[in-house]
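Hi everyone, thanks for coming.

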Amino acid sequence: MPAYCLKIIGGGNICIGDNFRSMGCNYLYANEGAITIGDNMSMNTNVQIGASSGRITIGNNVLIGPNVVMRAADHGIAMGVPIRLQQHVGGAIVVEDDVWIGANVVILRDVKLGQGCVVAAGAVVTKDVEPYAIVGGVPARKISSRH
């Protein structure tokens, strides 16, 4: 596999702005979903942005560290149906402008990252993050604010 690659699935449902940078092998998939990426977005290696059955919107001037996973849908978990046959439950992820997402972060569906926020390495984001907040931990909680 080449040192730099970008795998796109469902490209007709993906819109990418100007000055997009993918630093290593990364994945964008929007089958039955949609991904919109603003201008000046840069992502490091092994980032997975998955909008299957959901929607992901990323603003301008966003930095995404290595090994980040954004998933806008989950598998259903109803009894009596094998997990692999469950329907997806779609949602949305919104990343506003000027956000920094650190390494190894997981962002779950129905989360909004407010403008200018920072998500510390290793965080699992399960709830909205207010603008200019710095969050970290599992689950992510506010630890500071940008000054």
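A quick word on where the values come from. This is a predicted model, in which local features need pLDDT of at least 70 and side-chain atom pairs count only at pLDDT 80 or more, while totals for chains, interfaces and linings use all residues. Residues are numbered from 1 along each chain as its sequence is written, and side-chain values use heavy atoms, with hydrogens and water left out.

Let's start with the sheet. Seven strands make an open sheet with mixed pairing, in the order β3-β6-β9-β14-β17-β19-β20. At its edges stand β3 (21-22) and β20, each with a single partner strand, so one side of each has no neighbour in the sheet. When I say strand, I mean a DSSP run of E with at least two residues, numbered from the N terminus. Two strands pair if DSSP finds at least two bridges between them.

Now follow me to the β20 end. Strand β17 (residues 118-119) pairs with β19 in the parallel sense over two bridges, and V118 stands opposite I134 there. On to the next pair: β19 and β20 (residues 141-145) are antiparallel, with four bridges. Among the facing residues, V135 stands opposite K142, and G136 has R141 as its bridge partner.

A cis peptide bond links V138 to P139, with omega about -10 degrees.

Next, the inside. How many residues does the largest nonpolar core have? It has 33, and those with the most contacts inside it are I49, I58, I64, M70, I101 and L113. Such a core is a set of buried Ala, Val, Leu, Ile, Met, Phe, Trp, Tyr and Cys residues joined through side-chain atoms within 4.5 Å. Buried means under 20% relative accessible area, exposed means over 50%, and partly exposed is in between, using a 1.4 Å probe and protein chains only. The elements that give two or more residues to this core are β5 (34-37), β8 (55-58), β13 (92-95), β16 (111-113) and β19 (133-136).

Take L113 from that list. Not counting residues up to four places away in sequence, L113 touches V94, V95, E96, V99, I101, I107, V119, V125 and V129. Here, contact means heavy atoms within 4.5 Å.

Let's move to C15, in strand β2 (residues 14-16). Leaving aside neighbours within four places in sequence, C15 is in contact with I35, T36 and I37.

Finally, two asparagines in loops. N40 lies between β5 and β6 (42-43), and its phi is positive, near 60 degrees, although N40 is a residue other than glycine. With a relative accessible area of 33%, N40 is partly exposed. N61 sits in the loop between β8 and β9 (63-64), also has a positive phi, of about 60 degrees, and is partly exposed at 42%.
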